[in-house]
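Good morning, everyone, and thank you for making the time.

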Amino acid sequence: MKDLFRRYLPARFRKEETVIPVVRLQGTIMAGGSQFRPALNLASVAPALEKAFASKKSSAVAIQINSPGGSPVQSRLIYRRIRDLAAEHNKKVYVFAEDVAASGGYMIALAGDVIFADETSIVGSIGVVSGGFGFPELLKKIGVERRVYTAGENKAILDPFQPEKEGDIEYLKTLQLEIHQVFIDMVKQRRVGKLADDPAIFSGLFWTGIKARELGLIDGLGHAREVLRRDFGDKVKLELVSGQRSLFGRRMPGVSVGSDIGAAAGEGAIATLAQTAEDKALWGRFGL
């Protein structure tokens, strides 16, 4: 009703506003997730992204990112969806890094036509890391025997309940190098003409927003309100866009976490603890 009334007002009486939809991407990037342990993935953010880019009231969309990384696949899927929507709706994408936009978080940030950060934001970590835990001695101590039957000599590669094998580690490193090269190519393509000539950029190091600007990883220092007011005027209005909600108003997770029917209860509990520890370790790398 309010919009209808405004439409019929003479132009001189209207308070023209520029509305910029804002989507906030927060958390560790992984395929799974639940209402108790939310995760950042394409399924969980797609509804909000679709809604933001479909808005006919603006020529731009702002993305706020606060993520230490995680799944490279989910990172690329989110990045690709943002770029596809930007092209489809002909909108400029502003990205703003909060505490951290590193590793997969920075990969998503590359979807921005311009990237901004706070002076104290952590940005970068352009590399690939695989972390985990090994439990072969723990099983012995608690009297559990691990039984694995495979068809294919490498089917149980990198099993955390068996001792490490040198060949398994070398194979994993080969995969990491391939993924790292994909990441490097994305950075060079999206930041063409902006990157400093410094090999440390692709070494996995991370920096504050100040240094990230010097290296060309971001375009400037600033927060959403000040940057958008500068570009669109004082009457700009930031409109936070959230994802789907259930009948009772709770935010719906993108993917539910389940367990294999045949998984042992003991292994499931250990795996859950390990996943939680790994999640904390990702944030901990950046002092968060």
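Predicted model: local features only at pLDDT ≥ 70, side-chain atom pairs only at ≥ 80, totals over all residues.

Residues are numbered from 1 along each chain as its sequence is written, and side-chain values use heavy atoms, with hydrogens and water left out.

To start with the overall picture, the protein chain has nine helices and eight strands, where helices (H or I, at least four residues) and strands (E, at least two) are DSSP runs numbered from the N terminus. Of its 288 residues, 38% are buried; buried here means under 20% relative accessible area, exposed means over 50%, and partly exposed is in between, with a 1.4 Å probe and protein chains only. The accessible surface comes to about 17100 Å², and 54% of that belongs to carbon and sulfur atoms; these areas come from the Shrake-Rupley method with a 1.4 Å probe, and for residues only the protein chains shown count as cover. If we take contacts (heavy atoms within 4.5 Å) between residues at least 6 apart in sequence, 74% of them join residues at least 24 apart.

Let me turn to the charged pairs. Side chains of opposite charge can pair when their charged atoms come close. With a salt bridge defined as a side-chain nitrogen of Lys or Arg within 4 Å of a carboxyl oxygen of Asp or Glu, a search of the whole structure finds 11. One of them joins R81 and E50, at 3.4 Å from N to O, and this pair links distant parts of the chain, with R81 in helix α3 (residues 72-89) and E50 in helix α2, 31 residues apart. R81 is partly exposed at 26% relative accessible area, and E50 is partly exposed as well, at 35%.

Which side chains does D219 meet in salt bridges? One is R191, at 2.9 Å from N to O; because D219 lies in the loop between α7 (209-215) and β7 (220-221) and R191 in the loop between α6 (166-190) and β6 (206-208), the pair ties together parts that are 28 residues apart in sequence. Another is K194, whose closest N and O atoms with D219 are 3.0 Å apart, and that pair links the loop between α6 and β6, where K194 sits, to the loop of D219, 25 residues apart. As for accessibility, D219 is partly exposed at 29% and K194 is partly exposed at 36%, whereas R191 is buried at 2%.

Finally, the two polar side chains, for which a polar contact is a pair of N or O atoms within 3.5 Å; within protein, one must be able to donate a hydrogen and the other to accept it, and residues adjacent in sequence count only if both atoms are side-chain atoms. Q26 lies in strand β1 (residues 18-26) and is partly exposed, at 37% relative accessibility. Its side chain makes polar contacts with the side chain of R24 at 3.3 Å and with that of N66 at 3.0 Å. Q26 and G105 are 79 residues apart in sequence, yet their C-alpha atoms are 9.1 Å apart in space. N41, in the loop between β1 and α2 (42-54), is buried, with a relative accessible area of 2%, and a polar atom of its side chain lies 3.1 Å from the backbone oxygen of A31.
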